[in-house]
Amino acid sequence: MTLSVDKGWVTRATVEDVKLLPGVHREMFQLAGGDWVAREIVGHVRAGRAKFVVNSGDVVWWGNQGLSINDSPYWKRLNDTMLKLLPPPDDEMGSAGLEGRWFLSVGNHEVWGDPKIEGTLAAVPYLKNFGVTPERLIYKFDFKDVRFIFLWTGKYDYRSPSLWDGDRPKYAEQMTQLQQWLDEAKAKGIKKAFIVFHYPVFCRAGLGPIPEPDNPHKVIAAYAKDLELVVFNGHVHTTELYDVDGVKYLLLGGGGAEQDPILPGRTSIKVPANYPPELYWKGQPPREEYNYGLVDVEPGQKTKFTLTRYRPGSAEPFGTEALFT
Amino acid sequence: MTNSPSAKPALVTVEYRITAVPPNSNLNLPELPMTKNSIATGIDRRTLISGMTAVSALGGALSTAAQAQTTAASGAFSFAVCGDTRPMMYLPYNQGKPDLVKLFVEMFGLVMPERVAEAVVQRDVKMIFDPAAKDLVEVIMPFMSTK
């Protein structure tokens, strides 16, 4: 792998398959991709097209080079390209208890070298209002009669890289909490819920999905008859879509990280014959792509999803498409 | 029988409001002629007054409908969503900074024991610095695939 560096930042990463394709350097990362995503999203929020931002996690590399916006190059970059550019919350958000416009589920990179999530709590301190602490990394809020739930899937373990080993709280306790929050939503007459956590429930590439028995699909799907349920995941650095048992899953791994599932040997993993169909690449191998979604919520209507993408090296580098249509 | 300037604006208003009635509306409105000529020839004072009353009622109905629509729309909102937005590593880039090797060892340490990681970094990670500016410009390192 060859990393190009400018002012300390890896700006491009290419990989040469020395056995199968010697001499050919395939690009799997460019720093411009993530910056483009950030600029687009900030533009949409500032223009009023999007009220706030939901991120499914892995927003910094690690905490080993600093923990805050002041001493971490990663948190500083996130602040410079996103957080400080977002306008303050409006009255509607304020009355819903939202004191910021950026909400994340904690990913494994946020706890790498920062087990107490000091960086996260310093950058977005308003998460503490929802009960987030170093010992409790999950939270929920309601906005306009829609429930948002953020869970914590765990730190990285190379022996099982998508295992739900989150321990604050543990999986079983998180599922109990999830059920309680969804039951409460139902009781309040809420019709829609978005559930955000980092590791993917369904996945056909790269690191693969959360293995059983701690895969939450059945717990979530049990509520699909009463609520419109959408799950946002990440972790595998590519984009995949699933619609399973009435639950929509958006695996949003194209926000800026290296797109390693495009590399030989990683484009697909072995899945059972009856595995749910993937609805984005639809059987084609994934490509280097940076993207984000806009979610339009309207009472009484099916939620609409629009994805906008940048594919470096493509004959059609920019595109927008409606999802799940 | 003439199109008097004083009557015309009211009639035009009536005509416009009527066209604004949504299809299948249940409002019980008087049928009003829709052409300028027929308005001019067919309308009398009674029709005009009842038409204006209807317009007033319709205006209220439309206002209520608009309010309902606003209420429905007020529950609507949009948000942006994304994931895996982190960049790759930041590497202190001035030549001679000892942190670089340490950083690579820490990174490789995620997937292998630290002692092995140290050996891999020493053996396989090549750093290239700009000869003039002395800045790190390229790193060549192993990348292991799953197959």
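Modeller: Two residues are in contact if their C-beta atoms, placed from the backbone, lie within 7 Å. This is a predicted model, in which local features need pLDDT of at least 70 and side-chain atom pairs pLDDT 80 or more, while totals for chains, interfaces and linings use all residues. Residues are numbered from 1 along each chain as written, with chains lettered from A and ligands numbered from 1 in written order.

Biologist: Which residues of α5(B) does α4(B) meet?

Modeller: Helix α4 spans residues 99-108 of chain B, and helix α5 residues 114-124 of chain B (DSSP runs of H or I, at least four residues; strands are E, at least two). From α4(B), Val101(B), Phe104(B), Val105(B) and Phe108(B) take part, and their counterparts in α5(B) are Glu114(B), Ala117(B), Glu118(B), Val120(B) and Val121(B).

Biologist: Which residue of β3(B) is the bridge partner of Thr2(A)?

Modeller: Strand β1 (residues 2-6) of chain A runs antiparallel to strand β3 (residues 136-140) of chain B, joined by three bridges (pairing takes at least two DSSP bridges). Within β3(B), Thr2(A) has as its partner Ile140(B).

Biologist: Which residue of β3(B) is the bridge partner of Phe129(B)?

Modeller: Strand β2 (residues 126-129) of chain B also pairs with β3(B), in the antiparallel sense and over four bridges. The partner that Phe129(B) has in β3(B) is Leu136(B).

Biologist: What is the phi of Lys134(B) in the turn?

Modeller: β2(B) and β3(B) form a hairpin, and six residues lie between the two strands. Lys134(B) belongs to that turn, and its phi is positive, at about 65 degrees.

Definitions and conventions. Axes fitted to C-alpha atoms, helices over the stretch in contact; angles between N-to-C directions.
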